Amino acid sequence: MRIAVTGKQGQVVSALLERGSVAGVEIVAVGRPELDLVDRASIRAVFSQIKPDVIVSAAAYTAVDKAESEEELAFVVNAEGPTAIAEVAKGLGIPIMHLSTDYVFSGDKQGLYVETDATGPVSAYGRSKLAGEQGIAAANPNHVILRTAWVYSPFGANFVKTMLRLAETRDALNVVADQRGSPTSALDIADAVIAIAKRLSADNDENLRGIFHLTGSGEATWADFAEAIFAGLKTKNGKVVSVGRITTADYPTPAKRPANSRLSNDKLKQTYGIVLPDWKESTKVVLDRLL
């Protein structure tokens with residue numbers, strides 16, 4: 001089968017390109033200049049030529065803090081573009097899969113968020129991603145929206161690579177310890193996306209469509225995540241980096257982050273039989289490639 005994915009530089013796109021060959025799936029990554037998310041004619045032309053079995057909408061505006069001052073641009077990329085892609089997918093009679101985020105929630109809930117919980121983004125980035133979800137759902141019922149969180153990988157910029165870079169010159173780092181979530185490897189996301197795409201392409205069951213949560217198993221604070229990274233670093237080269245635990249208030253940012261980013265993956269497990277590995281194990285896999 002052939003999967004077309006938007007974006008050329010993203011973590012999930014890079015992981016899909018790598019995992020596709022292993023899974024016997026052709027992954028075609030499309031982005032600028034041939035694909036312009038603000039130009040519907042280019043979107044239609046690109047996908048009509050590729051003729052994919054499934055489109056994965058992975059390109060996104062992800063500069064969370066910068067989005068506070070560039071909200072209009074964030075909406076163009078995260079909402080208008082994916083909605084246009086969903087419309088083209090409907091015209092081609094194929095499913096669209098879209099990657100969304102925990103930021104569509106406020107983070108005020110005490111327990112795990114389920115797919116039917118009320119949304120309430122507290123940042124421009126979150127609002128733009130929620131608008132993308134809503135636009136896709138309205139444009140094409142043949143969709144799967146995957147909300148993920150705390151994505152890291154051997155590719156691009158992410159928390160793991162930032163921690164390793166800072167560790168090169170520091171022996172101690174302060175890391176936020178009052179935000180909880182589930183670190184999620186883009187490698188694991190890619191494997192799940194391919195498995196879901198295969199089912200969507202072969203089965204018209206409505207229960208396979210809709211919104212699903214897709215995050216690594218287990219949970220952590222950012223400080224916990226950092227400690228796991230530095231434990232791996234110590235194992236590899238003996239470098240010891242200590243983590244100081246601070247609060248969100250101690251590390252102010254332009255955009256507000258959800259204090260609780262924990263998502264329940266039960267629906268995905270029940271519908272597709274997919275459970276991502278424990279985040280600690282997946283972190284070791286990524287560290288083995290980076291160190």
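Predicted model: local features only at pLDDT ≥ 70, side-chain atom pairs only at ≥ 80, totals over all residues.
Six strands line up in the order E2-E1-E3-E4-E5-E10, forming an open sheet with parallel pairing. At the edges you'll find strand E2 (26-30) and strand E10 (210-213), each of which pairs on one side only. From one strand to the next, the twist averages 25°. As a bit of background, strands of a sheet pair through backbone hydrogen bonds, either parallel or antiparallel.

Zoom in on one pair: strand E4 (residues 96-101) and strand E5 (residues 143-148) run parallel and are joined by six bridges. Here, methionine 97 sits opposite valine 144 in E5.

## Inside strand E5

How many of the residues of E5 are buried? Six of the six are, so E5 is largely enclosed by the rest of the structure. In a regular strand, side chains alternate between the two faces of the sheet. You can follow this along E5: His143, Ile145 and Arg147 point one way, while Val144, Leu146 and Thr148 point the other way, and all are buried.

## Helices on the sheet

Helix H4 (residues 124-139) lies across E4, E5 and E10, and runs at about 155° to E4. Helix H6 (residues 186-202) also packs on the sheet, where it touches strand E1 (2-6), strand E3 (54-57), E4 and E5. The direction of H6 makes about 145° with that of E4.

H6 has 17 residues and reaches 24 Å from its first C-alpha to its last, close to the 24 Å expected at 1.5 Å a residue. Its N-terminal end is capped by serine 185, which has a side-chain oxygen 3.1 Å from the backbone nitrogen of leucine 187. The buried residues of H6 include Leu187, Ile189, Val193, Ile196 and Leu200, and Asp188 is on that list too.

In soluble globular proteins, nonpolar side chains tend to be buried together. In this model, the largest nonpolar core has 57 residues, and Met97 and Phe230 touch the most other members. H6 gives this core its largest share, ten residues. Apart from this core lies another one of 29 residues, among them Tyr61, Val77, Ala84 and Ile85.

What does phenylalanine 230 touch, if you skip residues up to four places away in sequence? Its partners are Met163, Ala167, Leu173, Lys239, Val241 and Val243.

Serine 57 has its place in strand E3. Is serine 57 buried or exposed? Its relative accessibility is 1%, so it counts as buried, the cut-off being under 20%. Leaving aside neighbours within four places in sequence, serine 57 is in contact with Thr6, Pro82, Ile96, Met97, His98 and Leu99.

Threonine 184 lies in strand E9 (residues 184-185). It's buried as well, with a relative accessible area of 0%. A polar atom of the threonine 184 side chain lies 2.9 Å from the backbone oxygen of alanine 149. Not counting residues up to four places away in sequence, threonine 184 touches a list of residues including Thr148, Trp150, Ile189, Leu214 and Leu276.

Now for a contrast: asparagine 207, in the loop between H6 and E10, is exposed, with a relative accessible area of 56%. Beyond its neighbours within four places in sequence, asparagine 207 is in contact with Phe212 and Thr271. The C-alpha atoms of asparagine 207 and tyrosine 272 are separated by 9.9 Å, although these residues are 65 residues apart along the chain.

Most residues other than glycine have a negative phi, and most peptide bonds are trans. Where does this model have a cis peptide bond? It joins arginine 32 and proline 33, with omega about 5°. Proline 33 is in the loop between E2 and helix H2 (40-50).

Two residues have a positive phi without being glycine. Lysine 51 has a phi of about 55°, and tryptophan 150 has one of about 50°. Lysine 51 is found in the loop between H2 and E3 and is exposed, at 59% relative accessible area. Tryptophan 150 lies in the loop between E5 and strand E6 (151-152), but it's buried, at 9%.

Terms used
Residues numbered from 1 in each chain as written. Heavy atoms only, no water. Pairing = 2+ DSSP bridges. Helix = DSSP H or I, 4+ residues; strand = E, 2+ residues; numbered from the N terminus. Axes fitted to C-alpha atoms, helices over the stretch in contact; angles between N-to-C directions. Contact = heavy atoms within 4.5 Å. Expected span 1.5 Å × (residues − 1). Buried < 20%, exposed > 50% of the residue type's maximum accessible area, 1.4 Å probe, protein only. Polar contact = N/O pair within 3.5 Å; in protein donor to acceptor, adjacent residues only side chain to side chain. Core = buried A, V, L, I, M, F, W, Y, C linked by side-chain atoms within 4.5 Å.
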